[in-house]
Amino acid sequence: MKIWNWRCHRLAAKSVYAISNYLVIAYYDLVRDNVLTTDPNNPEFSIQTGQQRSRGIELNIAGQILPGWNIYAGYAYTDARITKDNTYRPGNRLYITPENAVNLWTTYEFQRGGLKGFGVGLGLFYVGEREGDLENNFQLPDYFRTDAALFYKRGQLRAQLNFRNLFNIGYFETTQGDSLSKVIRGSPFTVQGTVSWQF
């Protein structure tokens with residue numbers, strides 16, 4: 001069996017505009033060869049002659065806006081398609097790959113007074129419409145999810161509460177790629193607490 005072969009062309013530009021801030025913009029073009037596809041001479045078997053291509057742009061920014069206030073944000077545009085296959089039509093989009101995805105996470109930690117060490121966080125996540133299978137017969141709708149966090153740091157102690165899907169929206173997160181019956185729903189509102197001690 002041949003091993004998947006990735007061919008990658010990537011162009012990136014990075015700008016560090018302050019001690020704790022950075023901006024990265026990257027363009028990529030990935031080609032995967034030797035993808036399994038149906039053998040046209042014997043449908044019971046597969047041969048490694050398929051090819052898939054993924055290309056797009058990524059933008060990532062992170063930094064400190066004010067003392068204690070940090071931000072992390074990213075945007076990705078992805079054009080992922082089948083380019084050669086014996087079963088699926090070339091040009092079909094790869095499944096569960098959104099064309100557009102955006103994320104934003106910001107935290108603020110109090111720097112003085114009685115609340116020193118306490119902090120809050122807010123996360124916003126947008127995932128665009130995605131194909132549900134390689135035949136592109138159905139789509140998973142886009143969704144916008146909000147997460148949040150409360151945390152406390154003192155010395156080596158750190159305690160945190162994470163709130164996932166704060167507004168308990170209904171959304172579809174992924175699929176196993178061959179039928180509507182295998183679509184997986186996103187998690188409902190969930191609270192997770194952690195306590196750690198750094199040595």
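The model examined is a predicted one. Asp-147 belongs to strand S9, which covers residues 143–154. Its relative accessible area is 9%. Asp-147 therefore counts as buried, since the cut-off for that class is under 20%.

The side chain of Asp-147 also makes a polar contact with the side chain of Arg-145, at 2.9 Å. The two residues form a salt bridge. The closest N and O atoms of this pair are 2.9 Å apart. Arg-145 has a relative accessibility of 7% and is likewise classed as buried. Side chains of opposite charge can pair when their charged atoms come close.

Salt bridges elsewhere in the model share partners. Asp-79, Arg-81, Arg-93 and Glu-99 are joined in this way into one network. Two of the bridges involving Arg-93 are described here in turn.

Arg-93 forms a salt bridge with Asp-79. In this pair, the closest N and O atoms lie 3.3 Å apart. The bridge links distant parts of the chain, with the partners 14 residues apart. Asp-79 sits in strand S4, which runs over residues 69–84. Arg-93 sits in the loop between strand S4 and strand S5, the latter spanning residues 100–109. Arg-93 has a relative accessibility of 19% and counts as buried, because the class takes in values under 20%. Asp-79, at 14% relative accessibility, is buried as well.

Arg-93 also forms a salt bridge with Glu-99. Here the closest N and O atoms are 3.5 Å apart. Glu-99 has a relative accessible area of 29%. Glu-99 is therefore partly exposed, as this class lies between the 20% and 50% cut-offs.

In total, the structure holds 7 salt bridges. Among them are the pairing of Arg-145 with Asp-147, that of Arg-93 with Asp-79, and that of Arg-93 with Glu-99.

How values were computed. Residues numbered from 1 in each chain as written. Predicted model: local features only at pLDDT ≥ 70, side-chain atom pairs only at ≥ 80, totals over all residues. Heavy atoms only, no water. Salt bridge = Lys/Arg side-chain N within 4 Å of Asp/Glu carboxyl O. Helix = DSSP H or I, 4+ residues; strand = E, 2+ residues; numbered from the N terminus. Buried < 20%, exposed > 50% of the residue type's maximum accessible area, 1.4 Å probe, protein only. Polar contact = N/O pair within 3.5 Å; in protein donor to acceptor, adjacent residues only side chain to side chain.
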